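Look over the sequence and the model first, then read the points below.

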Amino acid sequence: MLSVCVPTYSFFILPPKFGAGGQGHVGVSMTGQLHLLYQQLKASGLDFEMLVYEDASPNTYYQYNKQIAELGPDIRYRKLGSYLGRASIRNLLAKEAQYQNLLFIDSDSGFPDVFVSNYLPFLDRELDVIIAGGRIYPD
């Protein structure tokens with residue numbers, strides 16, 4: 001059982017094809033791939049939930065990103081009323097997750113086809129942390 005926790009702020013988490021009439025977010029060069037992660041999780045047969053929390057992003061993002069909940073009943077999408085910041089939103093996601101195993105993913109992450117299948121063997125082990133990563137931001 002796995003809770004996938006995805007904080008997002010001012011980022012389109014789905015590709016343009018999900019937009020109304022196929023228009024999506026014209027002119028945006030980078031979009032999220034959470035739908036690919038969701039497809040891998042569904043195919044794995046694992047009991048999971050995906051929590052996607054919008055950290056008080058402008059309504060332009062909310063109106064578009066809320067479509068992720070339409071992928072399936074195991075996705076909870078929520079827009080927060082006030083900005084919490086990177087640490088606090090992750091703490092909230094952890095608190096509201098229903099499963100003990102937590103996977104934190106940044107909304108702008110990419111997912112190779114084997115992402116979930118490579119991760120699953122570690123869920124049955126008695127580990128506190130499977131892997132901890134970081135992010136490099138361009139100057």
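**Briefing**

Y64 is buried, with a relative accessible area of 8%; buried means under 20% relative accessible area, exposed over 50% and partly exposed in between, with a 1.4 Å probe and protein chains only. The model is predicted: local features need pLDDT of at least 70 and side-chain atom pairs count only at pLDDT 80 or more, while totals for chains, interfaces and linings use all residues. Residues are numbered from 1 along each chain as its sequence is written, and side-chain values use heavy atoms, with hydrogens and water left out.

**Overall layout**

- The protein has 4 helices and 4 strands. Helices (H or I, at least four residues) and strands (E, at least two) are DSSP runs, numbered from the N terminus.
- Along the sequence the pattern reads β-α-β-α-β-α-β-α.
- The protein has 139 residues, and 40% of them count as buried.
- Take the contacts with a separation of 6 or more: 69% of them join residues 24 or more positions apart. Contact means heavy atoms within 4.5 Å.

**Confidence**

- Mean pLDDT is 81, and 78% of the residues reach 70 or more. pLDDT is the predictor's confidence in each residue, from 0 to 100.
- Over residues 20-30, pLDDT stays under 50. The model has 14 contacts beyond four places in sequence for this stretch.
- Where pLDDT is low, the predicted coordinates should not be read in detail.

**Aromatic pairs**

- The whole structure holds 5 aromatic pairs. Rings of Phe, Tyr and Trp (its six-membered ring) pair if their centres lie within 6.5 Å; planes under 30 degrees apart count as stacked, over 60 as edge-to-face and the rest as tilted.
- F12 and Y61 form a tilted pair, because their ring centres are 4.6 Å apart and their planes stand at 35 degrees.
- This pair links distant parts of the chain. F12 is in the loop between β1 and α1, Y61 is in helix α2, and 49 residues separate them.
- F12 and Y61 are both buried. For F12 the relative accessible area is 10%.
- F12 also pairs with Y64, edge-to-face, at 5.5 Å centre to centre and 90 degrees between the planes.
- That pair, too, links distant parts of the chain: Y64 is in helix α2, 52 residues from F12.

- Of the 7 residues of β2, 7 are buried, so the strand is largely enclosed by the rest of the structure.
- F48, M50, V52 and E54 point one way from β2. E49, L51 and Y53 point the other way.
- β1 and β2 pair in the parallel sense over 7 bridges. Two strands pair if DSSP finds at least two bridges between them.
- L2 has F48 in β2 as its bridge partner.
- β2 and β3 run parallel and are joined by 5 bridges. V52 has Y77 in β3 as its bridge partner.
- The charged end of R78 sits over the ring of Y53, 5.3 Å from its centre. A charge sits over a ring if NZ of Lys or CZ of Arg is within 6 Å of the ring centre and within 35 degrees of the ring normal.

**Nonpolar cores**

- In soluble globular proteins, nonpolar side chains tend to be buried together.
- The largest nonpolar core has 26 residues, and L2, V4, M50 and I68 touch the most other members. A nonpolar core is a set of buried Ala, Val, Leu, Ile, Met, Phe, Trp, Tyr and Cys residues joined through side-chain atoms within 4.5 Å.
- Elements giving two or more residues to this core are β1 (2-8), α1 (34-44), β2 (48-54), α2 (59-65), β3 (75-79) and α4 (115-119).
- α1 gives the largest share, 4 residues.
- A second, separate core of 8 residues includes C5, L51, L93 and A97.
- Beyond four places in sequence, L2 touches residues including L41, F48, Y99 and L123.

- V116 lies in helix α4 and is buried, at 5% relative accessible area.
- Beyond four places in sequence, V116 touches L37, Q40, L41 and S44.
- The C-alpha atoms of V116 and A43 are separated by 9.4 Å, although the two are 73 residues apart along the chain.
- Q40 lies in helix α1 and counts as buried, at 14% relative accessibility.
- Beyond four places in sequence, Q40 touches F111, P112, D113, V114, F115 and V116.
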